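Please look through the following briefing with the sequence and the structure side by side. It moves by topic, and each point can be checked against the picture.

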Amino acid sequence: MEDIASQASAAAVDCYFDPACPFAWVTSRWLLEVERLQPIDLHFRIMSLSVLNEHRELEPWYREFNDRAWGPARVCAAAEALHGNAVLRDLYMALGSRIHRERNKDYDVVITESLEELGLPASLAKAAHTDEFDATLRAGHQAGQEAIGEEAGTPVITVDGAGFFGPVLTSIPKGEEAIRLFRATRALAGMGAFAELKRGRGALDFR
């Protein structure tokens with residue numbers, strides 16, 4: 001694994017996430033595993049499925065999901081606007097652990113508990129139900145779209161400046177598997193001709 005890691009070190013990586021998206025959560029955990037094993041310059045950035053889908057006709061269940069997803073994303077945008085980008089990593093981990101691992105879909109409770117855990121102002125929770133910080137949220141979302149060059153959902157990552165939708169994962173790669181995937185992703189990022197790779201997916205596993 002040492003040889004694999006040495007070939008993929010020092011990459012600049014941005015992870016664009018919507019806190020409510022389970023696939024973004026799995027991808028983010030993979031990147032954190034990579035970061036644990038080798039040096040990468042990893043940053044978390046907010047995007048929004050609610051922004052992406054606000055004017056689209058959707059199936060009722062997915063419309064309800066998108067309408068509710070405004071809350072956590074708006075709180076992240078508020079936290080970033082008031083406390084800087086660095087706050088997003090820990091806030092996303094606190095929100096995501098509750099939403100995805102604990103399967104708590106009461107977002108008001110999730111937000112309150114997450115802010116308390118991190119010692120962030122409780123007043124940030126108010127952002128979930130207002131559009132006060134939507135300009136920040138929309139700007140972050142647009143940056144993610146521009147990184148790919150077309151509309152896309154989450155997850156979006158950039159590696160060495162090259163943007164991808166994905167990789168979409170159904171479980172979190174660990175150890176050497178995580179590094180191998182990152183090495184492959186970085187290789188694709190350096191290939192200007194590469195555009196898309198996709199196959200069917202199975203059930204999600206957040207472990």
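A residue counts as exposed when its relative accessible area is over 50%, as buried when that area is under 20%, and as partly exposed in between. The structure is a predicted model, and this should be kept in mind for everything that follows. The points below begin with the backbone, go on to the sheet and the helices, and end with the cysteines.

**Backbone features in the loops**

- R103 is found in the loop that joins α5 to α6 (107–118), and this residue has a positive phi of about 60° although it is not a glycine.
- Because its relative accessibility is 56%, R103 counts as exposed.
- D160, which is found in the loop between β3 and β4, likewise has a positive phi, of about 55°, although it is not a glycine.
- With a relative accessibility of 43%, D160 counts as partly exposed.
- The peptide bond that runs from T154 to P155 is cis, with omega near 5°, and P155 lies in the loop between α7 and β3.
- The peptide bond from G166 to P167 is also cis, with omega near 0°, and P167 lies in the loop between β4 and α8 (175–189).

**The sheet and the helices that pack on it**

- Four strands form an open sheet in the order β2-β1-β3-β4, and their pairing is mixed.
- The edge strands of this sheet are β2 (40–46) and β4 (162–165), each of which pairs on one side only, and the twist from one strand to the next averages 20°.
- Strand β1 (residues 11–17) pairs with strand β3 (residues 156–159) in the antiparallel sense, over 4 bridges, and V13 stands opposite V159 in β3.
- Helix α5 packs on the sheet, where it touches β1 and β2, and the direction of α5 makes about 70° with that of β2.
- Helix α7 packs on the sheet as well, touching β1, β2, β3 and β4, and the direction of α7 makes about 100° with that of β4.

**Where helix α4 meets helix α7**

- The axes of helix α4 (residues 60–83) and helix α7 (residues 134–148) come within 8 Å and cross at roughly 95°, so the two helices are roughly perpendicular to each other.
- On the α4 side the contact involves W70, A73, R74, A77, E80 and A81, which meet D134, T136, L137 and R138 in α7.
- Sorted by class, this contact between α4 and α7 has 5 nonpolar, 1 polar and 4 charged residues.

- L91 has its place in helix α5 (residues 87–101), and because its relative accessibility is 0%, L91 counts as buried.
- Leaving aside residues up to four places away in sequence, L91 touches V75, C76, A79, S114, L115, L118 and L120.
- L91 and P72 are 19 residues apart in sequence, while their C-alpha atoms are 9.9 Å apart in space.

- By the same cut-off of 2.5 Å, the count comes to 0 disulfides.
- C15 counts as buried, at 0% relative accessibility, and C76 also counts as buried, at 0% relative accessibility.

Notes:
Residues numbered from 1 in each chain as written. Predicted model: local features only at pLDDT ≥ 70, side-chain atom pairs only at ≥ 80, totals over all residues. Heavy atoms only, no water. Buried < 20%, exposed > 50% of the residue type's maximum accessible area, 1.4 Å probe, protein only. Axes fitted to C-alpha atoms, helices over the stretch in contact; angles between N-to-C directions. Parallel < 35°, antiparallel > 145°, perpendicular 65-115°, else oblique. Contact = heavy atoms within 4.5 Å. Nonpolar A, V, L, I, M, F, W, Y, C, P; charged D, E, K, R; others polar. Pairing = 2+ DSSP bridges.
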